[in-house]
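Okay, thanks everyone for coming.

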Amino acid sequence: MTELTAERPSSRTADIVRRLLASQETGLVIVVTLLTIALIALAGSHLDRRTGLEVNNFWNPNTLVQTLTDASFFAIMAIGATMVIISGGIDLSVGSIYALAGVSMALVLRAMGPMGSGATAFVGIVVCVGIGLMCGLINGILVVGLRVHPFIITLGSMWVLRGFAFVISKAESILVPPSLTDVAKAPLGLGGGLYPVPMLVMLVLTVLGAIYLTRTVMGRHIFAFGGNLEASRFAGLSLGRIQIGVFAVSGLTAGISAFLGASFYGSASSGDAQGYELYVIASAVVGGASLIGGKGSAVGATLGALLIVLIRQSIRTLHFDQNYEWIVIGCAIIIAVVIDQWSTRMTARRLTQAAESARAAK
Amino acid sequence: MNVAAVRFEGVSKRFPGAQALSDVSFEISAGACHALCGENGAGKSTLGKIIAGIHQPDGGRLLINGSEVHFTTPRDALAAGVGMVHQELAFCDNLSVAENLTLSDLPARSGIVDREAMRQRAESMLAETGTELDVTREFGKLAIGQRQMVQIAAAVGGGAKIIVFDEPTSSLSQAEAERLFALIERLKARGVTCIYVSHRMPEIFQLCDAVTILRDGRHVATRATTSLTESDLVQMMIGRPLAEYFGRHSDASAGDEMLRVEGLTVPGKFEDVSFSLRAGEIVGLAGLMGAGRSEVASALFGLEHPSRGRIVLRGKPVEVRSPAHAIELGIGYVPEDRKRQGLVLSASGLHNTSLPILGRLSRFRWIMRARERSVAREYFDRLRVRTPSLDATVAGLSGGNQQKIVLAKWLAASSQILILDEPTRGVDVGAKAEIHALVGELAARGAAILVISSELPEVISLSDRIVVLRSGRVAGELSRREATEDSVLRLMAGIGEPVAS
C-alpha cells in the first residue's frame with residue numbers, strides 16, 4: 001500500500017520539469033515568446049543612418065527597451081494589485097494613488113527648493129512611497145473597519161485621491177527637478193539613449209514579489225485568505241491584518257511606480273496614470289490571478305503586463321490602424337483568461353485522475 | 001400492490017475514492033412509506049439521489065412504476081413523478097414563496113408577471129399539502145421547517161407521486177418534525193409513495209411500513225418494520241453488535257484536568273454550560289441540531305465571546321480571545337463543515353497542514369520549507385493520507401483523506417486539547433474506522449478530546465463520558481456505563497417522554 005509516493009531522487013528532476021510545464025507562467029512565457037518571434041519575423045527592417053547596417057524594426061535595442069519601459073510602469077503596480085486579487089479583493093485606486101503620489105512629490109520638491117541630487121532623490125522616494133503606502137493603508141483600514149467590499153471602497157478612493165491630486169496641483173503639470181530624471185534615466189553603462197532603470201526596477205520587484213508570495217508567511221496567508229476565508233479564520237489567521245497588508249503593498253507599488261514615472265517623464269500632473277487601474281487589473285488577470293481569490297502570481301502579473309504591451313507594440317510596429325488598439329487588447333484579455341480557465345480545468349482533471357490511480361494502486 | 005413504485009436492479013455507483021453503491025437490488029411498493037437506512041456513508045443518500053435524478057447510476061437499472069428510466073436531471077425525475085426534499089435547498093432565498101413555487105412556469109401576460117395568478121397558484125399548491133403560509137414572504141426568511149413544507153408543496157404540486165425525503169428532520173425542532181410526520185401521513189393517505197432516508201430509529205418505526213438497510217454500499221435487507229426491533233435494525237446497519245462497533249480504546253486512565261468550563265454563557269446560543277475534560281479522556285458532546293454543541297466549541301476556540309462563566313485551562317482561568325490565541329493555548333478544532341471551515345480547497349495538502357503553524361515553521365517570517373515538508377510528511381504518513389503528493393490540491397481528494405488532512409493540521413500544531421466536530425461526516429467507512437482508531441490512540445497518548453457528533457453510536461462508543469445539551473443547556477451527563485442510544489436520546493429530547501413516539 002502506498003501512503004504517499006515518496007519523492008525518489010530519480011523522479012525529482014522529472015517532477016520539476018512537470019511542475020514547470022504545468023505552471024501558469026510557462027504558458028505565458030510561451031505566448032510572449034511566440035508573439036516576440038512573430039513580431040521579429042513580420043516587423044521588417046530599416047537601414048540605420050549612422051552605421052549603414054540593416055536593423056529589424058522590432059528586434060533592436062531601442063524598441064525593446066522602450067517596450068519594456070512602457071510595461072514596467074504598470075507591471076510594477078500589477079505586482080501589488082495581484083496580491084489584492086489573490087486575497088479575493090480588487091484595487092481600483094492604483095492609478096489615482098500614482099497621480100497623488102507623483103503630484104505630492106513634485107510639490108514637496110518645488111517647495112523645498114534646490115538641493116543636492118542625493119537629497120532630492122531621497123526626499124522624492126520617501127514622499128512617493130510614503131504617500132502610496134499611506135493611501136493603501138487607508139484603503140485597507142476602510143475595507144476592514146467598515147466591512148465594505150474592496151470594489152466600493154477603492155472605487156470611492158479612486159475619485160477622492162485623484163480629486164486631491166487635482167486640487168493640490170491646481171490642475172497644473174508640475175515639473176520635477178532634473179536630478180530625478182537623471183536617476184530614472186541613468187544609462188548604467190548602456191549608451192545610445194537607452195534607459196534601463198524602470199525595467200530593472202520591474203525585474204527586481206517581480207523577484208521580490210514572487211519571493212514574498214511564495215516563501216514568506218505573509219504570502220502564504222494571502223493565498224489562504226483568498227482561497228477560503230472561513231478556513232483561514234479557523235486556522236487562527238489575523239484576517240484584518242492580512243487584508244490591510246495587501247492594500248498597503250498595492251499602494252506601495254503604486255508609489256514606487258509613481259516615483260519612477262514622474263522622474264522618468266520629468267513632470268507630474270493629476271491626470272497621470274488615468275485608466276491605469278484597468279491595465280493593472282488586466283495584467284494580473286492575464287497573468288493567472290483569479291478574481292475569486294486564492295490564485296495568482298507576481299511573475300504572472302509582470303508577464304501579463306508584458307503581453308499587453310507587446311500586443312500594443314505589435315499594432316504600432318506592424319503599422320496596423322492604431323484606432324483598433326483597444327479592440328485588440330480587449331479581445332486579447334478575454335481570450336487569455338478563457339484559455340487559462342480551460343487549462344486549469346484540464347490540470348484539475350489530470351490531478352483527480354492521478355489521485356484516483358494512486359488510490360487504485362493501494 | 002402489483003407493480004412496485006420503485007425497483008432497483010443491480011444498481012452501482014462509484015465516486016472518486018469510494019464505491020458508494022454496489023449491486024443494490026430491491027423494490028418499494030406503491031403508496032408505502034419506505035425507509036432507507038444505514039450509517040453515514042452506507043449509500044442511503046446516494047440511492048435517494050439516484051431516484052430523484054441528481055446522481056446517475058454507473059450500472060444496473062432503475063424502474064419507476066414498472067418501466068425503466070434514465071434520469072439525467074432532477075427535472076427528468078419530476079416529469080416522471082419523482083420529487084425530492086433535501087437539505088441543500090434548490091430555492092432562491094431572495095424571492096418570495098410564491099415566486100419560488102411558480103418559478104419554472106411563471107404565470108404571465110405578454111411578459112408581465114401576473115402576480116395575482118401567481119399567488120393563487122402558490123396558495124393552492126400549499127393547500128394541497130395542507131400547509132398554510134403567507135406566500136408573499138421571502139423564502140430566505142422562513143424557518144427551516146417551513147422551507148421544507150414549501151419544498152414538499154413544490155414536489156407535490158409538480159405532480160410527484162414518489163417523494164424522497166433526505167434526512168428531513170436533521171435540522172428540525174421537535175414540533176416542526178411532528179408537523180412533518182403529520183404531512184407525510186397525509187401524503188401517504190393520498191397514495192403518494194414516500195421514501196424516507198434516515199438513520200433515526202424512532203422516526204423509522206413511527207412512520208415507515210418497510211425499511212431497507214444498506215451497509216458499505218450494499219443491500220443488507222428489506223423488511224417490514226413490524227417484523228423488526230430497533231436492535232435488529234442497528235445490528236443490520238453496523239453488521240456487528242454495538243459494543244464492538246468502533247473497536248474502541250480501552251478505558252484509558254484519565255490524567256489531570258486539562259479543561260474546565262464553568263457556567264459558560266453566550267446569549268442566544270447557550271447558557272450556563274459546565275463540564276470538564278481530563279488528559280487522556282474522550283468526552284462526547286451530544287444534542288439535537290440547534291442544541292448549541294458547535295456553539296460551545298466555537299466559544300472554546302475563541303470564535304464566540306462568552307458573556308458569563310469561565311474557561312479554566314490546566315487549572316488557570318483564561319479568556320480565549322481569538323482562534324490564534326486558542327491555538328497558542330494548545331486547542332485544536334476540527335470544524336463541522338470541512339469544505340467551508342476546515343480546508344482551503346484550492347491549496348495543497350502541504351499548505352493546508354502548515355497553515356496554523358507557519359509562525360513556528362518560519363524564521364523572520366521566512367518559511368523553512370524543508371521543515372514544513374518534513375512535518376507534513378510525518379503526519380501524512382502517520383494518518384495514512386492517500387494523495388498523489390504533498391503538493392496536490394486537496395479539492396481532488398476523497399472526503400476521508402480531506403478530513404485526515406484537517407486532523408493532521410491540528411496534530412502538527414501539537415494541540416493537547418482537540419475538539420472534533422462531526423469528525424467522520426461524509427467520510428467513507430474505511431477512513432472512518434481509521435479516524436476512530438486515531439482518536440483512541442491520541443487519547444491514549446494523553447490528549448484531551450471533545451467529540452461532537454450527530455451519530456449517536458459514534459459518540460457513545462468513542463466517549464468515556466457524554467455531556468448532553470438540550471436547547472443550549474446541559475441536560476445531563478452520562479458515564480460510559482450509563483450511555484446507551486436510548487438514554488442519550490431521552491436526555492437530548494427531554495427526560496421522561498419517549499422520543500418522537
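**Salt bridges and a domain contact**

Let's start with a pair in chain B: B:R465 and B:E281 are both buried. Their side chains meet in a salt bridge, 2.9 Å from N to O. Now, B:R465 sits in strand β23 (residues 465-470) of chain B, while B:E281 is in the loop between β14 (270-278) and β15 (282-286) of chain B, so this pair ties together parts that are 184 residues apart in sequence. Keep in mind that this is a predicted model.

How many salt bridges does a search of the whole structure find? Over all chains, the count comes to 28. B:E116 forms one with B:R119, where the closest N and O atoms are 2.5 Å apart. Those two residues both belong to helix α4 (residues 115-128) of chain B, three residues apart, or about one turn of the helix.

While we're in chain B, a quick look at helix α1 (residues 44-51): seven of its eight residues are buried. Among them are B:K44 and B:K49, along with B:L47 and B:I50. Just after α1(B), B:G53 takes a positive phi of about 80°.

Okay, over to chain A. The domain assignment gives domain 1 (63-320) and domain 2 (326-362), and their centres, taken over C-alpha atoms, are 29 Å apart. In terms of contacts, 10 residues of domain 1 of chain A touch nine residues of domain 2 of chain A. What do carbon and sulfur atoms give of the area buried between these two domains? They give 82% of about 710 Å². On the domain 1 side, A:V286, A:K295 and A:I311 supply 45% of the area buried against domain 2 of chain A, more than any other three residues.

Between the two domains of chain A, the salt bridge count is zero. The elements giving two or more residues to the domain 1 side are α12 (276-286) and α13 (298-317) of chain A. By type, that side divides into seven nonpolar residues, one polar and two charged.

Methods. Residues are numbered from 1 along each chain as its sequence is written. Chains are lettered from A and ligands numbered from 1 in the order in which they are written. This is a predicted model: local features need pLDDT of at least 70, side-chain atom pairs count only at pLDDT 80 or more; totals for chains, interfaces and linings use all residues. Side-chain values use heavy atoms; hydrogens and water are left out. Domain bounds come from an automatic or database domain assignment. Contact means heavy atoms within 4.5 Å. Buried area is the accessible area (1.4 Å probe) that two parts lose on being put together, summed over both. A salt bridge is a side-chain nitrogen of Lys or Arg within 4 Å of a carboxyl oxygen of Asp or Glu. Helices (H or I, at least four residues) and strands (E, at least two) are DSSP runs, numbered from the N terminus. Ala, Val, Leu, Ile, Met, Phe, Trp, Tyr, Cys and Pro count as nonpolar, Asp, Glu, Lys and Arg as charged, and the others, Gly among them, as polar. Buried means under 20% relative accessible area, exposed over 50%, partly exposed in between (1.4 Å probe, protein chains only).
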